Amino acid sequence: MKRFYHVVAIPIRIVLNNFGDHNPDGMIYVLKENENHVRERVRKNPFTPVDLVQPLVIRANDGDTVEILFENQLPFATGMHFQEADYNVMDSDGANVGFNENTLVDCGEQICYQIKANHEGTFLFSDLGNPASSDNGSNINGLFGALFVEKRGSSWTDPETGKPFNSGLYADIHHPFLPSFREYAWIFHDEMPTQDLTGNRPINPVTNQDSESTHAINYRFEPLTNRHRLIEEAVVCPDCDGEEVHHDSWVFGDPATPILRGYVGDPAKIRLVHAGGKETHAFHYHVHQWFKDPQNTESEIIDSQAISPQAWYDVEPLYGLGSLQQAFGDGIIHCHLYPHFAAGMWGMNRIFNTLQDGSQCYPNGVPIQPLQPLPDRRKPPKPTEKNPGFPNFIPAKSVEKHQDPHLVLLAGVI
Ligand SMILES: [Cu+2]
């Protein structure tokens, strides 16, 4: 079938975390239908991350023809260049190469690209109009996204509302003959030019030098030095120390980086992409393991995957979310190169064991967004006073390190 998307490339301020680190010269692809909304939200929230400021992820099925009406609002010629897709280089290359037609467009102009989704997987797209690796390049400032191609006959819904939608990092994918699954975009990128709230490059408080380069996921990073400073300055949990609390939402609230949400046992697929241009990263997913090649059950079982610029992998955790032991709670996902991890390249997999319908709150009072159960799986039990489920099952105050779960068990609290 034919699918149609109207995409526009716009300049936008990208706020990368709740500490106010930002890129004032960000550039994104966004669906035209969301353009005014995203500009308005950023204007009203200049120092906090805005949900819609995210790498554009659109979807199609294997065999579909995808028509993109592309519009450029950046002050130089740009386009959309799709990797892996079938297309005619004379009209849909999104590039200006040799004697081919120039398929970039100048500011204020439009072009129609037509590409064929010829297999399942990730079709990374980016701008080849300004591929410089300097701070002025478009890719380093965020001008990339992905087309996810599903099995023929698939449909997709918003995990929060259960309704069909046109773009977004996370989706529930359904098929008439196959199990539904959670699909998560995890897009590494590096070196985005970043300023702190003062307009200067972020400073490492230990060395007083410029911080390490920004290593981000989906336009977000969560530097551990910032969190550490909150402890040192007694803003949170002055008695806390150690690696485990640095990632702990009990202490800090949630990071700005991706939180992949699901229920215990949900089948899941992480579309792991490296849209940056500089460094190899090591995707490491706690608790879970997967076949290196999900199509090949003879392939090695791994829990980490190195990924180089412009590459992609599918990560399909064996036994679904929580693995064989049906774990629930927060599991860290991070780049295993420790300087990158410390610079903020981490997020988490949040696995619930009770139904989240939007009526619950986290212990710090922040509402828990609803999460639709997958339609072909048994509905998780509703939280009760006796069995509130994660994250409300360990008594704690949000600014304290949580009690040792083993001691809680011994005391018969749960
Ligand atoms: Cu890394």
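Predicted model: local features only at pLDDT ≥ 70, side-chain atom pairs only at ≥ 80, totals over all residues.

Student: How many helices and strands does the protein chain have?

Tutor: The protein chain has 7 helices and 21 strands.

Student: What radius of gyration does the protein chain have, and what would a compact globule have?

Tutor: A compact globule of 414 residues would have a radius of gyration near 22 Å; the protein chain has 22 Å, so the two agree. Along the principal axes, its C-alpha atoms fill a box of roughly 75 × 55 × 40 Å. Of the 414 residues, 41% are buried.

Student: In what order do the strands of the open sheet lie?

Tutor: This sheet of 4 strands has the order 3-8-7-5, and its pairing is mixed. Strand 3 (56-61) and strand 5 (81-82) are at the edges; each has a single partner strand, so one side of each lacks a neighbour in the sheet.

Student: In which sense do strand 7 and strand 8 pair?

Tutor: Strand 7 (residues 121-126) and strand 8 (residues 144-150) are antiparallel, with 6 bridges between them. Leu 124 has Ala 146 in strand 8 as its bridge partner.

Student: Where does His 228 lie, and why does it count as partly exposed?

Tutor: His 228 belongs to helix 3 (residues 224-232). A residue is buried if 20 or more other C-beta atoms lie within 10 Å of its own, and exposed if 12 or fewer do. His 228 has 17 such neighbours, and therefore counts as partly exposed.

Student: How far apart are His 228 and Val 66?

Tutor: They are separated by 162 residues in sequence and by 46 Å in space, C-alpha to C-alpha.

Methods
Residues numbered from 1 in each chain as written. Pairing = 2+ DSSP bridges. Helix = DSSP H or I, 4+ residues; strand = E, 2+ residues; numbered from the N terminus. Rg over C-alpha atoms; globule rule 2.2 N^0.38 Å.
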